[in-house]
Amino acid sequence: MSLTAGVVAVQGDVEEHADAIERAARARGAEVTVHEIRESGVVPDCDLLAMPGGESTTISRLVHSEGIAPEIREHVAAGKPLLATCAGLIVASSEPNDERVDELGLLDVAVERNAFGRQKDSFEAPLSVDGLADDDPYPAVFIRAPAIDDVGGDADVLASWDDRPVAVREGPVVGTAFHPELTPDSRIHGLAFFENAAADVPALEVEKAR
Amino acid sequence: MTDTAATDLEDLRRGTDLVKRGFAQMQKGGVIMDVVNPEQARIAEDAGAVAVMALEAVPADIRKRGGVARMADPADVQEIVEEVSIPVMGKARIGHTKEAQILEAVGVDMIDESEVLTPADDAYHIDKRDFTAPFVCGARNLGEALRRIEEGAAMIRTKGEAGTGDVNQAVHHQRTIKGEIRKLEGMSHEEREAYAREIEAPAELVHETAEMGRLPVVNFAAGGIATPADAALMMHHECDGIFVGSGIFGAENPPVMGEAIVEAVNNWDDAEALAEISKNLGKGMKGDANVDLPEEEKLQGRGV
């Protein structure tokens, strides 16, 4: 089985996501080729996509100016999986509560940017996440992280910190306020790309049918 | 709902290496712009900067003015912090632990222990491990870079020659660092140990760098970057992102120049896109060629 993955690479921690996707795929015996997406025309070839952490104002600007935004919307409309982390979650949301971010509306959630404070308040902590392969807490890293405020009807909350949702799933899209790409634990990438019943990865379907 | 039993608020840890280096990783592929007031900070954020560096005067003006260059007035830094939603960095003098603590107290997201300001200590850098805020430090070669990482720096930038608008020293420093790493990769364990002694760097970090084939922290370019093509050149030399000092607000049209440099970093390997991006930007900063600079006016020799 050979998969094609894409990491939106206009800004942010791209290599870390590429490595995490490779680890998650390898653990499942899958081959994966990861493309860094800086321009339009690459997303349509991708079975799965990640939007990294970084600065949401910068990422939002560039995904629109480079013509990548409509392709990401089509990817999700086709039911293919997307993992959006931190800044990626803000850009993927339906309400970023900041006029400088032009949102994609892929997740029916409103977010609050920098909800846990500035960098001096950034933290790491073990987090209980629903739907992981086992019950061990996930080592979550929150960096100037957003929180999720309003969760629409079709979105499920997978994890909360201090009573605020920090991970959600809606159909093929998983969004986290923290950074699963910064630790060697690739269970969140596994959950988003390989264990999401609501997502459709044609290459994996072919494999299952064999 | 999730089972909150395993999610104990008491287990939270701040200021760890993972959290500090993670902040630097989020800046990758981005442009960090020097600003001296909230109006400039707003222009930088609107142009697509990932962060702003708040300081009293841009390096080109510090150069012209002479005298002792210090941390900016904390009230001015605070105004910038309140103006923008992107991270704000501040510069402290080399070895000036108190300036760094003041900047941390004001809420800056990263501290630049910078040779652009007048050094406060001629022998020691700040012990950066004591801070919750992450630090960036300049380096001209692998030894300097690894000594700064050992002291707790979460990001390394080339020193270049700040305030000149001449990119050649940034290129020289980045080439030196990458060249030394390539040399390490071909060495045996005991050769690396000897090399660590030669460049006065901790052996453990030398081995880690050799195994990774790159610095163990994010590596930005800084010092003399003045145009979109300069920024693209530094990305070509495998920098993770770009600091622009005087190059934006020393240019004729800062919003246009800022936006062009942001787009150039994303399109650094696409010459046709760079050609479009570089058109009609107005005059860049005037600058001073490094070759004309007398040795005593060079900032890069500070803090080795």
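The legends below describe close-up views of a predicted model. Local features need pLDDT of at least 70 and side-chain atom pairs pLDDT 80 or more, while totals for chains, interfaces and linings use all residues. Residues are numbered from 1 along each chain as written, chains are lettered from A and ligands numbered from 1 in the order written, and side-chain values use heavy atoms, without hydrogens or water.

**View 1. An open sheet of 3 strands in chain A has the order 5-6-9.** Its pairing is mixed; strands are DSSP runs of E with at least two residues, numbered from the N terminus, and two of them pair if DSSP finds at least two bridges between them. Strand 5 (93-95) and strand 9 (147-151) of chain A are at the edges with a single partner strand each, so one side of each has no neighbour in the sheet. On average, neighbouring strands of this sheet are turned by 55° against each other, direction ignored (axes are lines fitted to C-alpha atoms).

**View 2. Strand 5 and strand 6 (residues 107-112) of chain A run parallel.** They are joined by 2 bridges. Glu95(A) stands opposite Ala110(A), which belongs to strand 6 of chain A.

**View 3. Lys91(B) carries the UniProt feature "active site", from an unreviewed entry.** Such annotations may be inferred rather than shown by experiment. Lys91(B) lies in strand 4 (residues 88-93) of chain B and is buried, with a relative accessible area of 8% (buried means under 20%, with a 1.4 Å probe and protein chains only).

**View 4. The side chains of Lys91(B) and Asp112(B) are joined by a polar contact of 2.8 Å.** A polar contact is a pair of N or O atoms within 3.5 Å, one able to donate a hydrogen and the other to accept it. Beyond four places in sequence, the residues in contact with Lys91(B) (heavy atoms within 4.5 Å) include Met53(B), Met71(B), Leu103(B) and Ser114(B).

Definitions and conventions: Helices (H or I, at least four residues) and strands (E, at least two) are DSSP runs, numbered from the N terminus. Axes are lines fitted to C-alpha atoms, for helices over the stretch in contact, and angles run from 0 to 180 degrees between N-to-C directions. Buried means under 20% relative accessible area, exposed over 50%, partly exposed in between (1.4 Å probe, protein chains only).
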